[in-house]
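Please study the sequence and the structure before reading each solution.

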Amino acid sequence: MKLTDALEAKFNDQITLELQAAHVYRQLSIAADSQDLPGIASWMRAQAEEELVHAQKFIDHVVDRDNDAVIGALEAPGLSSDLSPQQIFKAALDHEQKVSESIRALYRAAEEAGDLESRPLLLWFIDEQVEEEATVSEVLGKLDRVGNDGAGVLRIDAELGARHADLDTED
């Protein structure tokens with residue numbers, strides 16, 4: 001069943017937002033790299049890659065429904081590379097919250113249109129966003145607890161780097 005024109009436009013907006021999220025995470029990885037925080041940088045790069053996968057899931061859904069998937073204009077993230085680790089994760093959390101609200105709005109629009117075929121995909125994304133926000137919030141909480149303690153920040157950096165090194169070996 002084809003998406004309505006209005007839902008197609010909303011899905012395309014979501015595709016663009018997911019790609020925008022990848023840009024945000026990539027910029028945040030640059031901020032971490034510039035401060036010699038390779039673990040945080042690696043974590044942010046992995047998140048950027050995950051956002052590309054998310055965009056592809058939406059693209060596949062639109063195409064599978066015999067609609068046109070179109071990427072909109074992507075803006076520069078507008079983030080500097082001199083952010084503190086706390087600011088890096090606060091920016092990540094802010095963007096995740098924006099993505100979460102967009103997905104909830106897309107779900108409401110699909111429900112209003114009676115588009116049952118989109119429900120499984122959107123419910124998966126709603127669950128995914130709960131996990132994403134919780135993970136980023138947890139790291140931000142740890143960073144807030146250690147404050148400007150360099151050793152504490154480096155421990156968190158090492159922890160985040162080890163997590164993604166383990167994930168890289170699982171593929």
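**Exercise 1.** Determine how R104 and E101 are placed relative to each other in helix α3, and whether they pair.

*Solution.* R104 and E101 are three residues apart in helix α3 (residues 85–112), and are therefore separated by about one helical turn. Helices are DSSP runs of H or I with at least four residues, strands are E runs of at least two, and both are numbered from the N terminus. The two residues form a salt bridge, with their closest N and O atoms 2.9 Å apart. A salt bridge here requires a side-chain nitrogen of Lys or Arg within 4 Å of a carboxyl oxygen of Asp or Glu. R104 is partly exposed at 36% relative accessible area, and E101 is partly exposed at 35% (buried is under 20%, exposed over 50%, partly exposed in between; 1.4 Å probe, protein chains only).

The model is predicted: local features need pLDDT of at least 70, side-chain atom pairs count only at pLDDT 80 or more, and totals for chains, interfaces and linings use all residues. Residues are numbered from 1 along each chain as its sequence is written, and side-chain values use heavy atoms, with hydrogens and water left out.

**Exercise 2.** Which parts of the chain does the salt bridge between D33 and R45 tie together?

*Solution.* The closest N and O atoms of D33 and R45 are 3.1 Å apart. D33 belongs to helix α1 (residues 5–34) and R45 to helix α2 (residues 38–64), so the pair ties together parts 12 residues apart in sequence. D33 is partly exposed, at 39% relative accessibility; R45 is also partly exposed, at 29%. The search of the whole structure finds 10 salt bridges.

**Exercise 3.** Which residues line the largest pocket, and which helix gives the most to the lining?

*Solution.* A pocket is defined on a 1 Å grid over the protein atoms alone, as an open set of points where a 1.4 Å probe fits, with protein on both sides within 12 Å along at least five of seven lines; lining residues have an atom within 4 Å of a point. The lining consists of T16, L17, Q20, V24, A73, E75, A76, P77, H95 and K98. Helix α1 gives the most, with four residues, while α1 and α3 each supply at least two. By class, the lining divides into five nonpolar, three polar and two charged residues (Ala, Val, Leu, Ile, Met, Phe, Trp, Tyr, Cys and Pro are nonpolar; Asp, Glu, Lys and Arg charged; the others, Gly among them, polar). The volume is about 190 Å³, taken as the space filled by probe spheres set on the points, which are joined across faces, edges and corners.
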